Amino acid sequence: MARRVVADHYALALIGVDRPGIVASITGALAHLHCNLEDVSTSLLQGHFAMVLEFSAPPGTPFAAMREELLTRSAALDLHLEVWPLSDLDARGAATHVLKVHGPDRLGILAAIAETLAAHGANIREMTCTRVAGDRPAYVVTMEIEVPGAAVPALEMELRQAAAGLRLRLVLEPIEQHVL
């Protein structure tokens, strides 16, 4: 099935050495272009600032001109930036569980956990991973995941097996769903 582009909705991703003014510059450019921020996530990755956002532009805004303005602003701060139109994929859904894994750092921790989640149809909605340096480096993973209801018992069992094989501690907790 071909993906249809959602009119005037875009994604932007950037990364660069952390410094004051990054958010001001990029969001200032978007405001100047009359774009509306719809979803934003930022993170600091060992001294590098990363931002991913979704925004909408006024109908008929020329993509090339908008992209050029954003690239000009990002180049002034020595950032790596990309922007692209979004497709019409249904991006709805919500996290149902929080998964926390931590233990001695070793290769393949995230791959083992992510592969187990994927095998059970679980979707990673939010994730942070941190390597804690020192005499005994540790790795900490925190995820908000969306798990199909029937898959929870088997998924938890396989996650615990994967964690045990990597000498990791694992906590899987449901997220209380509130009606607003």
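Visitor: Is Arg-125 buried, partly exposed or exposed?

Guide: Buried means under 20% relative accessible area, exposed over 50%, and partly exposed in between (1.4 Å probe, protein chains only). At 30% relative accessibility, Arg-125 is partly exposed. This is a predicted model, in which local features need pLDDT of at least 70, side-chain atom pairs count only at pLDDT 80 or more, and totals for chains, interfaces and linings use all residues. Residues are numbered from 1 along each chain as its sequence is written, and side-chain values use heavy atoms, with hydrogens and water left out.

Visitor: With which residue does Arg-125 form a salt bridge?

Guide: Side chains of opposite charge can pair when their charged atoms come close. A salt bridge here is a side-chain nitrogen of Lys or Arg within 4 Å of a carboxyl oxygen of Asp or Glu. Arg-125 meets Glu-146 in this way, at 3.4 Å from N to O. Glu-146 belongs to strand β7 and Arg-125 to strand β6, 21 residues apart; strands are DSSP runs of E, at least two residues long, and helices are runs of H or I, at least four.

Visitor: How many salt bridges are there by this rule?

Guide: The count comes to five. One of them joins Arg-67 and Glu-82, with the closest N and O atoms 2.9 Å apart. Arg-67 lies in helix α2 and Glu-82 in strand β4, so the pair ties together parts 15 residues apart in sequence.
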